[in-house]
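User: I have a model to go through with you. Can we work on it by question and answer?

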There are 2 protein chains.
Amino acid sequence: MVSKERIKDPKEGLENFGKDIVKQLEKIQNPDMSLPVRNLSNIYFDDKSKLIMLGDKVSHRTYLNVAHTRKFMQTVMVASGCKKLIQQGVTTSIRDLFYNMKHTIPKYNEETFETQEESDPLIEDIEASLNTLRENLHLHAEQKGSLVGPITIREPSFDTENDCTKMGASGYGIPSICEPETVQFRDCKAEFVLIVEKDAIWQRLNEDRFWKKHNCLVMTGKGQPDRGTRRMINRLHNELKLPIYVCADADVWGFYIYSVIKQGSINLSFVSDRLGTPQAKYLGLTTQDVAKFSIPKNVTIKLNEGDKKRAQELLNYVWFKKKDWENEIKHMLQVGYKLELEALSSKDIRFITEKYLPQKIKEEDFLP
Amino acid sequence: MVSKERIKDPKEGLENFGKDIVKQLEKIQNPDMSLPVRNLSNIYFDDKSKLIMLGDKVSHRTYLNVAHTRKFMQTVMVASGCKKLIQQGVTTSIRDLFYNMKHTIPKYNEETFETQEESDPLIEDIEASLNTLRENLHLHAEQKGSLVGPITIREPSFDTENDCTKMGASGYGIPSICEPETVQFRDCKAEFVLIVEKDAIWQRLNEDRFWKKHNCLVMTGKGQPDRGTRRMINRLHNELKLPIYVCADADVWGFYIYSVIKQGSINLSFVSDRLGTPQAKYLGLTTQDVAKFSIPKNVTIKLNEGDKKRAQELLNYVWFKKKDWENEIKHMLQVGYKLELEALSSKDIRFITEKYLPQKIKEEDFLP
C-alpha cells in the first residue's frame, strides 16, 4: 500500500486501499496494511533536495492482532470518511471528521473513537501511505496566515479574484487549503517574498506600505506557519521563482520556524517537497544584529535552561551544520541572550521598516 | 482625571493628563492621579442598558508613595508613548509599545519595565480613566476574526473597498481596530448577523454559501472574539440595525463567550457600551438540543468538576438570571454532559447548514 509516487487521484488511492483489504478477506488472510514509520528513526536529510525526507521503513497493522485491531478499524474509518468527503465534494476540519466518525458500535458499549488524539495521527498515516496531502483528502485546519502585496489571487471554487494590495488592514487571508486547484496566481509584480514571524510586525509593515516601496509580498504565519502558509511559500517560489526571505525572532523558536519553512519538519517529512522551500534565506533577527544595529542591550532577554538545551539540539541537526549558523547559535550561547523582533522598536517604531529590513536586503546580509 | 464623558480627542485627553501632573509639581504638591477601580468590587449590571458597567470607585496613585512610584512613572510613560503614536499617525501593537518604552534608567541600573505584564494593565488604566478606547490610542492586538456576506467595507486609511462576498475561502479579515474612522459600511443587503464560535464551523458555512441562501453575514471570532470583532458586532447592530444571533458550543465556555458579546466583560466594563450588544440572542448549541434534534448521546462529553463549578458561577451572575438560561444551565448539570458544535456532524457534515440553523432561525428558538 505504501506508494513511492505521489498519487494523482486520492479517491482512487482510497478505493485501492479498501479493495486491497477486501481482497485479503476474500483469500481468508489476516488483513494487513503497511504504513510508513513516521519518526526520527525513519527520516533523513536529503543532500540533493536539501529537504527532510521520509525513509523506507514500514510498519504493519494487522486486524487479528489485538494490539492493532482498534487502530486498524479506525484507520479504515478515516479512509472511508475521506472518500465520502471527496465524493460529496465538501471539505471539512479534522475535528469535524473526528465527530463524524465517532459513534457507539452497535451491540457493544464501545466508542469508535474516544478523543481526537486518536484520529489525527491516522489522517497523517493515510496521507503518508497514499503519498498524498491532507488537503487533497478534503481536510483543512484553522485559517491562519496573511499576505499583502502586488499579486492577484483567484479561487475558482469561490469564484473570486482578489488584488492583494486592496484587501485593507488584514490583507489576504491565506486559505488552509492552498493547492493549485483552489488557489491560483495572476499578475504577480513582486520581486521577492518577505515572511515575518509575527502578526504585529506584519501589521507594522502593512501600515508602512513596505510592500509598495520594496515591491514585494509580505506574509505572516502568526507564529509557526500552518500548512496552508508553508504551501503558499513553496508555490510562490516554485511557480513564480520569487526569492524567499524569512524574518523571525533571534531565539531558538524563531530559528526553528525558519528551519521548518526551509527544509520541512520531522513529523511531516512525507510532504517536505510540498511544504518546504530549501531556497529560503534567513534575513534576521540574529543576536549578532545587536552590535551591527546598535540595539540597546536592555531589550535583550536572558537565555533560560530550555533555550540553552534547545540551542545544543539545533547544533546537532544536520541541516543547521553550516558555518554561519553554527557561528550564530554559538554567539547566542556565548552572549547568553535572545531577542524578539519588537526589540527593534526600542530604537524607533519604524526602525524595522526604514532601516533594518532595507539594509539587510540591500547588503544581502542573510544566513543560509 | 477620571472622565465620565467619553472624550472626543484622545490626544487632548493625554495632554490634559500630563498638564495636570505638571500643575501639581509647580504647586510643589505630591503628584497624584486618580484611576477607576477595575474589578468585581466596582462593576454593576446596568438594568437600563443591560450592560456590565464600571462603578464610581477611584483609587489614587501618588508619586511620593514608594509602593506607587514605579507604577506612577510607568503610567506616565504609557500616556506619553500613546501621545507619540497619535502625533506620528502610526498604530502599533501593545507588545511593541512595551519594547518601545523599555530601557535602563540612566545612572541607575534599573529597567523602566521588566515584562509586558507591567505595561498591559496600565494601558487599560489610561483607557478607563480617559474614558476612551485602546484603539483610539493607536494600539492594536493581533488580527483574528473573519466575516463573509453581502456588505461592502471601506477602509479609508488603506484606500480599499471590499465586497465581502468576494473574498475567497478566508473571507474578510476583521481588523483589530474597527472604529468608524477606519472601517466603514457600504451597501449592506444582509438581514441578520450570525456569529459562530469556531473557525471550522465558519468555513463549513462559507463553503455551503449559508450567507447567500439566508441573506446574512456570517462571522467568527475564532474562540473568544477579540475587541475588533466585538466592536464590529456592536456597530453592525447599532448602525445597520441588524439582529445578532450567536452560535457557540453547549458548554460553560460557549455560554461565557455569548455573555461577553452581549453584555461586555468585567475587566473591560469601561467599554461595554462600545463592545457589548445587549440585543444579541443565543441561537444554540444547548444541551436541550440533544433531544430536540436527536443528536446521538455518544458525541456528548461528560462534565468535569471545573465545568460544574463554572456552571454554578454562571447561575450566580445577575445577567444569567433569566428563566430560560437557568433552565438550560440546570439541565446541563442534570444530564451531566456538554457538547461541541462539531457534534452536529455526527448526523451529517451539512446538518448544521441544512437543518439545524435554518430550523432554529425559523422557529426563533433562541435563549435571551
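**Where chain A meets chain B**

Analyst: This is a predicted model. In it, R95(A) and E340(B) form a salt bridge. Their closest N and O atoms are 2.3 Å apart.

User: How many salt bridges are there between chain A and chain B?

Analyst: A salt bridge here needs a nitrogen of Lys or Arg within 4 Å of a carboxyl oxygen of Asp or Glu. The pair R95(A) and E340(B) forms one. The count between the two chains is two salt bridges.

User: Which element of chain A gives the most residues to the side that touches chain B?

Analyst: Elements giving two or more residues to that side include helix 2 (66–88), helix 3 (94–101) and helix 5 (199–207) of chain A. With six residues, the one giving the most is helix 5 of chain A.

User: How much area is buried between chain A and chain B?

Analyst: The contact takes 53 residues from chain A and 53 residues from chain B. In chain A, Y99(A), F158(A) and N298(A) lose the most area to chain B, together 15% of what that side buries. Carbon and sulfur atoms give 47% of the area buried between the chains, which is about 4600 Å².

User: What kind of axis relates chain A to chain B?

Analyst: A rotation of 180° superposes chain A on chain B, with 0.0 Å of shift along the axis and an RMSD of 0.0 Å. In chain A, the residue closest to that axis is G173(A), at 3.4 Å (C-alpha). Also, 100% of the contact residues of chain A recur in chain B. The relation is that of a two-fold axis.

Notes
Residues numbered from 1 in each chain as written. Chains lettered and ligands numbered in written order. Predicted model: local features only at pLDDT ≥ 70, side-chain atom pairs only at ≥ 80, totals over all residues. Heavy atoms only, no water. Contact = heavy atoms within 4.5 Å. Buried area = accessible area lost by both parts, 1.4 Å probe. Salt bridge = Lys/Arg side-chain N within 4 Å of Asp/Glu carboxyl O. Helix = DSSP H or I, 4+ residues; strand = E, 2+ residues; numbered from the N terminus. Least-squares fit on C-alpha atoms with pLDDT ≥ 70 in both.
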